[in-house]
Each structure stands twice: as structure tokens, then as C-alpha cells.
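Colleague: I have not looked at this one before. Can you put it up and take me through a pocket?
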Amino acid sequence: MAESNGCDYSGFWRQTRNFGLQILVSRWFMLFASLLIMSVNGTGYMFGIYSGDIKSSLGYDQTTLNTIGFFKDLGGNLGVLPGLIYEVTPPWMVLSIGSVMNFFGNFMIWLAVTGRISKPHVWQMFLYICIAANSQSFPNTAALVTCVKNFPESRGSVIGLLKGFIGLSGAIITQLYHAIYGDDSKALILFIACLPTVVPLVFLRMIRIMKVVRCPGELKVFYNFLYIALGLAGFMMIIIVVQNRTSFTRTTYSFSALVVLILLFLPIAIVIKEELNSLKIKDSAENLPPPAAAAAEAATEETLGADSCLINIFNPPQRGEDYTILQAIFSIDMLIIFTATTCGVGGALAAIDNLGQIGSSLGYPKHSIATFISLVSIWNFLGRVLAGFVSESLLTKYNFPRPLMLSLVILLASVGHLLIAFAVPNSLYLNSIIMGFCLGAQLPLVSTIISEIFGLKHYSTLYNVGSVSSPVGSYIFNVKVAGKLYDREALKQMKGLGLGREAGKALNCSGVECYKMGFVIISVATLFGFLVSLVLVIRTRKFYNGDIYKRFREDAIATAEINTGNNVVPARSVEASANPAVPNISISAATNMKSIAN
């Protein structure tokens with residue numbers, strides 16, 4: 001009897017181990033790991049918290065600080081290099097490079113601000129902030145592009161969810177750093193040098209491209225992830241309101257940080273549930289008759305044979321097919337997207353980067369300025385996830401074009417800029433919400449539109465090419481418009497007081513006039529971006545009236561039928577089953593473990 005019990009225990013632990021391996025190599029765990037990576041990958045949005053320390057510690061004026069902010073935006077959006085690296089290396093290599101760059105850039109900034117090294121030249125600070133910010137594009141590219149390729153029919157939801165966690169990361173990291181360091185904003189720089197470095201390394205080999213098999217209930221699973229994400233955002237919003245009204249102790253911060261960590265890891269329950277369901281489907285697959293694999297193979301060969309690398313640069317394929325990199329870059333559609341996002345995203349970045357200075361110039365208390373930063377992070381998250389899921393739902397049900405939603409978001413941003421320009425009393429609370437939402441909503445919409453129009457073959461590069469418009473817009477509106485006009489008004493106020501500027505002293509401006517003219521200009525430019533984006537709506541209306549995911553659906557069905565030899569349920573059988581919400585798995589745990597080892 002004891003020997004029998006021992007065998008039972010041995011079999012139980014073997015099954016448990018195999019199931020654990022199945023979870024670790026599954027697509028859903030890959031998505032969960034990507035969410036955790038993204039949740040610490042939005043440190044660029046926290047620049048407003050420690051920018052004052054950089055300005056005061058190193059004696060910079062507002063133009064210099066805004067230029068540092070520009071190089072931060074340049075590094076954060078200049079993702080062509082990780083895109084090209086992704087084309088020729090596995091995702092884990094891209095993640096590794098990003099971790100090294102993040103630690104170096106932020107650690108050097110921390111050494112400079114805390115005086116542990118001699119005061120660096122301005123160009124060195126530009127380099128450090130650019131490297132630190134550019135490091136974010138490496139895990140962003142590796143995780144997001146891999147997830148889009150693994151879930152091509154739900155790309156709007158995938159991009160919205162992943163970019164949503166980037167938007168929420170500022171508030172998440174703020175809670176964690178308060179629990180560890182209290183209110184030491186200089187220590188925050190060291191914290192963001194370490195945390196975003198470690199997390200991608202933990203999940204290094206989990207982020208990889210897998211074979212895609214259509215899952216009819218896939219969107220419902222994404223909504224389960226969304227509900228947890230909304231719960232996390234709701235908790236963060238409550239914490240922000242409470243922190244604005246009361247003074248938190250280190251113990252209180254520790255409790256809120258613990259709740260944040262629990263909510264961050266809660267999606268693992270969804271992963272386990274889906275893998276349990278996949279086991280049931282695998283067991284039932286043995287009783288299903290094998291499909292006609294030959295027909296599926298023929299369909300696959302026909303699809304693969306249609307690709308050609310000899311197409312002329314100025315003779316691109318139909319929208320939705322795979323463009324080459326040069327075909328996409330030189331297309332009119334990409335030029336329109338670039339122009340519209342330069343105005344829309346660039347203006348929003350200028351508002352967010354200057355939010356702390358705007359609050360100071362208008363006399364808001366310091367704790368309110370911290371609240372603005374957190375509100376931007378929360379609504380940045382909501383803008384990203386809502387734009388992704390709502391646009392996906394409207395497109396699927398009503399063929400509502402994504403470019404039109406992008407146009408409406410840009411129009412709303414121009415209203416937010418006017419609130420800043422005319423300094424409506426207490427409007428910065430509302431404006432933080434508008435700017436956070438509009439910036440957040442534009443990013444997944446642009447990323448998804450690029451994937452839909454130009455295809456997925458070179459998406460890792462084209463996704464980052466589209467992002468270049470953000471630093472261009474940030475430089476124009478943040479440095480050349482807002483920064484220059486702020487410094488001009490500050491010097492004007494000093495002359496009015498009979499004072500002269502001392503070398504090495506920061507320029508400070510107070511009052512409505514500091515940012516008025518700058519944001520009137522930004523508002524007009526954003527309105528121009530709205531009009532330009534309407535041109536894309538008109539050009540793509542026929543494309544979005546059709547079935548833009550038909551090719552991916554047919555390819556996934558063919559793959560599912562070919563893989564029946566690996567105990568994968570045919571897609572048509574799953575659709576006809578009594579439980580269509582349960583997704584099937586594409587490859588066995590053993591096959592996936594082999595792909596990780598390679």
C-alpha cells in the first residue's frame with residue numbers, strides 16, 4: 001500500500017511539473033510576462049517628478065531643462081535601432097540590450113544629481129537621458145511586436161493592453177518607490193535604474209514568437225485581463241485622491257504598494273485557468289477525426305508563394321499586405337500619419353513634460369503637482385486600453401475606422417491645450433486627465449493603424465519608424481515653442497523687477513503669461529494635425545469597410561489543421577464545440593520548451 005501511495009504521489013508531482021512547464025511556455029504566460037515588463041517600462045513619464053532636482057542640482061534654465069526633456073522624448077521614441085535588431089535577433093537579445101542601457105543611463109543621471117561625480121557637461125546629460133529613455137524602446141519592441149505576432153486578430157486589444165500598462169507604470173513605480181524611499185525624489189532616479197533593468201531579465205526567454213492557432217474565445221480572455229487592469233487603475237486613482245487629502249506614512253505606502261503588487265500578479269490566475277481549459281480540449285482531441293491536412297498545406301503554400309521582395313519601392317501592394325520597409329516609409333499614408341502624430345503626440349508631450357513647471361508658475365502647491373503627474377499616468381493608461389479595446393470593438397461590429405478615432409482624439413487634445421493657455425482656475429486637474437488620455441489613446445491607435453495598413457512582416461521596424469514623429473513634435477513644441485517663450489517671459493519679469501540673471505542660476509517665471517502664447521501656438525498646430533488626419537480617414541475608408549483580418553484568420557485555421565499531429569484541436573472543431581470561449585493551444589509543452597532552449 002505504501003509503495004502504491006508512493007507511485008501515486010510520484011505521478012501527481014510529475015503531472016504538476018508538466019502542467020507548470022505548460023504554463024511557462026504558453027502564449028498566455030508570455031502575455032502576462034509582457035504585461036509585467038510594460039508595467040515598469042514607462043519611466044519616461046516620471047520625468048516631471050525629478051526634473052526639478054536636475055534643474056536645481058545642476059543650475060539649468062528652463063530651455064536647457066526642456067532640451068533634456070526633448071532628448072528624453074527622442075530616446076524614448078527613436079526605436080528604429082531595436083526594430084532593426086529585432087529583425088535579425090530573437091526577442092531575448094533585444095530585452096538584454098535594453099536592460100543594460102537602462103541601468104547605465106539612469107545610474108549616471110543619479111550620480112550627477114547626487115553630486116557623486118563632478119558636474120557633467122550639458123551634452124553628457126543629453127546623452128545619459130537619451131540612452132536611458134531609448135532603453136525603454138527595446139523591451140517595448142520585443143514584448144509588443146512579439147505579442148502582436150502571436151495574437152494577430154486581436155492586435156488592437158493587445159496593443160491597447162500593453163501600452164496601457166506602460167501608461168500606468170509611472171503611478172505603479174511611484175507607489176513602490178514611496179514605500180521604499182519615502183519622498184526622496186533623487187532616490188527615484190536610482191530606483192528606475194534598477195527595477196526596469198531586472199524585470200525583463202527575469203522573463204528573458206519567455207518572450208518569443210509562437211505558431212498561431214485561432215482561438216475563437218480569445219477576445220473574452222483579453223477582456224478578463226482588461227478587468228483586472230481597470231481594477232488596478234481604479235485602486236491607483238483612489239490612492240491618489242487619498243494621498244492628496246492626507247499625509248501618508250511609510251507604513252501606509254507599504255500597504256498600498258503591497259496591494260499594487262497583488263493586482264499586478266493577479267492575471268496569472270487567468271493564465272492558469274486557460275491552460276486548464278486547454279488540457280480538457282487536448283484530451284477531447286484524440287476522439288476527433290483528422291482533417292484534410294493536404295488542403296491546408298496547399299493553402300499555406302499558396303499564401304507563402306504570393307510574397308515577393310522585388311516589388312518596386314513606389315509601387316506598393318494593397319493596404320493590409322506586407323509592405324517592405326522602404327515602401328512604407330515613402331508612402332503617402334505614412335507621411336500623413338507622421339504629420340498628424342507630430343502635431344498630436346508632440347503637443348501632448350510638451351504639455352506633460354512642462355506640467356510641473358506650469359503648476360509652479362500658476363501657484364499650485366507641490367502636492368498638487370505630484371497629483372497631476374499621477375493623474376496623467378492613470379488617464380494615460382485608460383486612454384491606451386480604451387482606445388485599443390473600443391476601437392477593436394467598433395471596427396469588428398460596425399467597421400468604424402481606427403483613423404477616425406485618432407482624429408477625434410487629436411481634436412480633444414487641442415481643447416486641453418487651450419485650457420493651459422488661458423489658465424482656467426483649477427483646470428490643471430482636468431487638463432491632466434485630458435492630456436494623459438489623449439497621449440495614451442494616440443499611441444495604440446497609431447501603432448495598430450500602421451500594422452493594419454503596412455502588414456506585420458516588418459512591423460518591428462515600421463512600428464518604431466512611426467514613433468519618430470513623437471520626438472520631432474516634442475522638440476518643436478517643447479523646446480522651440482514652450483521653452484523659448486517661457487524663458488523670454490521669465491527674463492522680462494526679471495527686468496521689470498530690476499534684476500539681472502546670474503550665471504548658473506535657474507530661470508523661473510510666474511503667472512498666466514509664462515505659457516499662454518506657447519500653448520495657443522500648440523493648440524493651433526494640434527488642430528492642423530486633426531485636419532491632416534482626416535485625409536487618412538478618407539484615403540482608407542474603403543479598406544476599413546472590408547474584412548481586414550481575413551488573411552490572418554485563414555492562415556490560423558490552416559496552421560491549426562496542420563498541427564493536429566501535435567494533439568492540437570482543429571480550429572473548426574473548436575468553433576463547433578459547446579464551449580467556444582475556451583481557446584486551444586498551438587503546440588505542446590514539450591515543443592515549446594525545445595523552442596525556449598534554442
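Colleague: How many residues line the second largest pocket, and which lie nearest its centre?

Modeller: This is a predicted model. In it, 32 residues line the second largest pocket. Nearest the centre are Ile-49, Lys-366, His-367, Ile-369 and Ala-370.

Colleague: Which helix gives the most to that lining?

Modeller: That is α18, with seven residues. The helix spans 366–398.

Colleague: And which helices each supply at least two residues?

Modeller: Besides α18, there are α3 (47–58), α9 (155–181), α11 (218–245) and α17 (355–361).

Colleague: Where does the second largest pocket lie relative to the domains?

Modeller: Between domain 1 (19–282) and domain 2 (316–549), because both give residues to its lining.

Colleague: What is the lining like by class?

Modeller: There are 18 polar residues, 10 nonpolar and four charged.

Colleague: How much space lies in the second largest pocket?

Modeller: About 920 Å³.

Colleague: Changing topic, to the chain as a whole. How many helices and strands are there?

Modeller: The protein chain has 27 helices and zero strands.

Colleague: What share of the residues count as buried?

Modeller: 58% of the 598 residues. The chain exposes about 24,500 Å², and 65% of that comes from carbon and sulfur atoms.

Colleague: Last one, on contacts between residues at least 6 apart in sequence. What share join residues at least 24 apart?

Modeller: Among those contacts, 84% do.

Technical notes
Residues are numbered from 1 along each chain as its sequence is written. This is a predicted model: local features need pLDDT of at least 70, side-chain atom pairs count only at pLDDT 80 or more; totals for chains, interfaces and linings use all residues. Side-chain values use heavy atoms; hydrogens and water are left out. On a 1 Å grid over the protein atoms alone, a cavity is a set of points where a 1.4 Å probe fits but cannot get out, and a pocket is an open set with protein on both sides within 12 Å along at least five of seven lines; lining residues have an atom within 4 Å of a point. Grid points are joined across faces, edges and corners, and a volume is the space filled by probe spheres set on the points. Helices (H or I, at least four residues) and strands (E, at least two) are DSSP runs, numbered from the N terminus. Ala, Val, Leu, Ile, Met, Phe, Trp, Tyr, Cys and Pro count as nonpolar, Asp, Glu, Lys and Arg as charged, and the others, Gly among them, as polar. Domain bounds come from an automatic or database domain assignment. Buried means under 20% relative accessible area, exposed over 50%, partly exposed in between (1.4 Å probe, protein chains only). Contact means heavy atoms within 4.5 Å. Accessible areas come from the Shrake-Rupley method with a 1.4 Å probe; for residues, only the protein chains shown count as cover.
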